[in-house]
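Dear colleague,

I am handing over the structure we spoke about, and below it you will find what came out of the analysis. Please read the notes with the model open beside them.

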Amino acid sequence: NLYAGGVIAAVGLATNSAVMVVASMLISPLMGPILGAIFGYTVAKYDLMFRGFWNEVKAVFHTMFAGFIMGLILSPISASYNNWPTAEQSGRGSFVNFVAGIFFALASGVILGIDVSSANGNALVGVAISASLLPPLVNVGMMLAF
């Protein structure tokens, strides 16, 4: 799912398609290792915490690599048609969006903590989408290739 999500995110970023970027967040597996690391810390199982952290680090590099490869493929094709960087790409790199993302991530973390500690699992998908790291990491790889 990681590379498939990376391909979908890259195509969405290159063609300025918000629908494709959101679709890539739906299949992004980047939240599992984060939850593992947080759960390991919470229950004082530090081997689980470090395993979750290490898996997240590996997933981050694999995601950026997928973006880099897709950037090599798509930049010669899409750059001339879509005037790179597209609005989807450049919008992820502004300082204002970075600061807004911090508050968004903090609120998502609170919602996730409340959701995991209760019997209700409805908000988990929404929090996973809002905290998705996949499109920004793919964007980094694409910009390195461009």
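The bend at a residue is taken here as the angle between two fitted axes, one for the seven residues ending there and one for the seven starting there. In this predicted model, helix H4 (residues 46-82) bends by about 55° at Ser75, with the proline Pro76 following within four residues. The end C-alpha atoms of H4 lie only 47 Å apart, whereas a straight helix of 37 residues would span 54 Å. Just after H4, Asn83 adopts a positive phi of about 55°.

Helix H1 (residues 2-14) packs against helix H8 (residues 134-145) at an angle of about 70°, their axes being 9 Å apart, and the two are therefore roughly perpendicular to each other. On the H1 side the contact includes Leu2, Ala9 and Leu13, and on the H8 side Pro135, Val138 and Met142 are among the residues met. The residues of this contact comprise 9 nonpolar, 3 polar and no charged.

As for confidence, the protein chain averages a pLDDT of 84, and 90% of the residues score at least 70; confidence is highest in H1, at 93, and lowest in helix H7 (residues 123-130), at a mean of 61.

With best regards

Note on methods:
Residues are numbered from 1 along each chain as its sequence is written. This is a predicted model: local features need pLDDT of at least 70, side-chain atom pairs count only at pLDDT 80 or more; totals for chains, interfaces and linings use all residues. Side-chain values use heavy atoms; hydrogens and water are left out. Axes are lines fitted to C-alpha atoms, for helices over the stretch in contact, and angles run from 0 to 180 degrees between N-to-C directions. Angles under 35 degrees count as roughly parallel, over 145 as roughly antiparallel, 65 to 115 as roughly perpendicular and the rest as oblique. Contact means heavy atoms within 4.5 Å. Ala, Val, Leu, Ile, Met, Phe, Trp, Tyr, Cys and Pro count as nonpolar, Asp, Glu, Lys and Arg as charged, and the others, Gly among them, as polar. pLDDT is the predictor's confidence in each residue, from 0 to 100. The expected span of a helix is 1.5 Å times one less than its number of residues.
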